[in-house]
Amino acid sequence: MNTKVTLCGVELDNPIIPASGTFGYGREFAELYDINCLGTFSFKGTTREPRYGNPTPRIAETASGMLNAVGLQNPGVEAVIGAELPYLKTVFHKPVMANVSGFSVEEYTETCALLDKEEQVGWLEVNISCPNVHGGGLSFGADPALAAEVTAAVKAVTKKPVIMKLTPNVTDIVSVAKACADAGADGLSINTLMGMRIGLKTKKPILANTTGGLSGPAVFPVALRMVWQVYEAVDIPIVGMGGVTTPEDVIEMMLAGATAVGVGAANLTDPFASKKLVEGLPAAMGKFGISDLNDIIGGAH
């Protein structure tokens, strides 16, 4: 059984990648199991300055999923480089995916340029779901021209592969995906949908931020459809994510066009979820007559 895949020129032992924001900087999970069994993981969304995040409550449950509006709480890029990466080096001996968020093009480029110099960083995952504070608050990922501008700016200051993390909260994800690919993106990944809940006793939104990202099994069919559409439109690798909970989900994502598969909410309900996916993948491959995962990427098209 060959579970190895190559993501933007970097080989992974398997396609399982805990998604940003659900795995911290690896510290807590490394206390539970040897995280080197993973393909890699995407660390917590990191910004130029420290951020305290949104007011609480930040989490709400939904049928078959959850809402989160953490608000990119993180210690800032310098603290990540100074404290988190040195610790990570002691427990994780593979390249890590650095997830970067920003509120202006300059902020993206400065943060990416700093992380690009770090030996442990294998890929830069650039989250363009953030609002452009200098451009009326519209998410960078909601406008193909803005998405392309961020992509080109980051590519100009970095040498490592750049994976643009798109927002699905658009009417046409394909045009944004194409714009990023044309501007030089090395790969693409896709963020969570927006949703909300209202407390019946308070008669007010449950989340202090009103809306949050919907994740969990509820979003899997939507995420799968987006991976399918983006695969048809671009020739760069895709990290498929959204509601993945079983090895069969991983295979389905890859058939739709994903080279690797992000695992998010599942890590929050079971801290061993990603480890179990890695361990369960060979048996699922055997069940469906798959000897090499590379043979099935985009295989349903």
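How many helices and strands does the protein chain have? The protein chain has nine helices and 15 strands. Helices are DSSP runs of H or I with at least four residues, strands are DSSP runs of E with at least two, and both are numbered from the N terminus. This is a predicted model, in which local features need pLDDT of at least 70, side-chain atom pairs count only at pLDDT 80 or more, and totals for chains, interfaces and linings use all residues. Residues are numbered from 1 along each chain as its sequence is written, and side-chain values use heavy atoms, with hydrogens and water left out.

**View 1. The protein chain as a whole.** The C-alpha atoms fill a box of roughly 50 × 50 × 40 Å, taken along the principal axes. Of the 301 residues, 54% count as buried. Buried means under 20% relative accessible area, exposed means over 50%, and partly exposed lies in between (1.4 Å probe, protein chains only). The chain exposes about 12500 Å², and carbon and sulfur atoms supply 55% of this area. Accessible areas come from the Shrake-Rupley method with a 1.4 Å probe; for residues, only the protein chains shown count as cover. Contact means heavy atoms within 4.5 Å. Among contacts between residues at least 6 apart in sequence, 69% join residues at least 24 apart.

**View 2. An open sheet of seven strands.** The strand order is β3-β15-β14-β9-β8-β7-β6, and the pairing is parallel. Two strands pair if DSSP finds at least two bridges between them. β3 (16–18) and β6 (96–101) stand at the edges. Each has a single partner strand, so one side of each is left without a neighbour in the sheet. From one strand to the next, the twist averages 25°. Axes are lines fitted to C-alpha atoms, for helices over the stretch in contact, and angles run from 0 to 180 degrees between N-to-C directions.

**View 3. The pairing of β6 with β7.** β7 covers residues 121–127 and pairs with β6 in the parallel sense over six bridges. N99 stands opposite E125 in β7.

**View 4. Two helices on the sheet.** Helix α6 (residues 220–233) packs on the sheet and touches β9 (187–190) and β14 (238–241). The direction of α6 makes about 165° with that of β14. Helix α7 (residues 247–256) lies across β3, β14 and β15 (260–263). α7 runs at about 135° to β15.

**View 5. A cis peptide bond at P57.** The bond joins T56 and P57, with omega about 0°. P57 sits in the loop between α1 (27–30) and β4 (59–62).

View 6. S64 has phi near 60°, a positive value in a residue other than glycine. S64 is found in the loop between β4 and β5 (65–68). S64 is partly exposed, at 48% relative accessible area. K203 is also a residue other than glycine, and its phi is near 60°. K203 lies in the loop between β11 (198–199) and β12 (204–205). With 67% relative accessibility, K203 counts as exposed.

**View 7. Salt bridges around D13.** A salt bridge is a side-chain nitrogen of Lys or Arg within 4 Å of a carboxyl oxygen of Asp or Glu. By this rule the count comes to 10 salt bridges. K4 forms one with D13, with the closest N and O atoms 3.9 Å apart. K4 is partly exposed at 35% relative accessibility, and D13 is partly exposed at 33%. D13 also meets K94 in a salt bridge (2.8 Å, N to O). This pair links distant parts of the chain, 81 residues apart. D13 is in the loop between β2 (10–12) and β3, and K94 is in the loop between α2 (77–91) and β6. K94 counts as buried, at 17% relative accessibility.

View 8. The side chains of E279 and K275 meet at 2.8 Å, N to O. These residues are four apart in α9 (residues 273–287), so about one helical turn separates them. E279 counts as exposed at 51% relative accessibility, whereas K275 is partly exposed at 24%.
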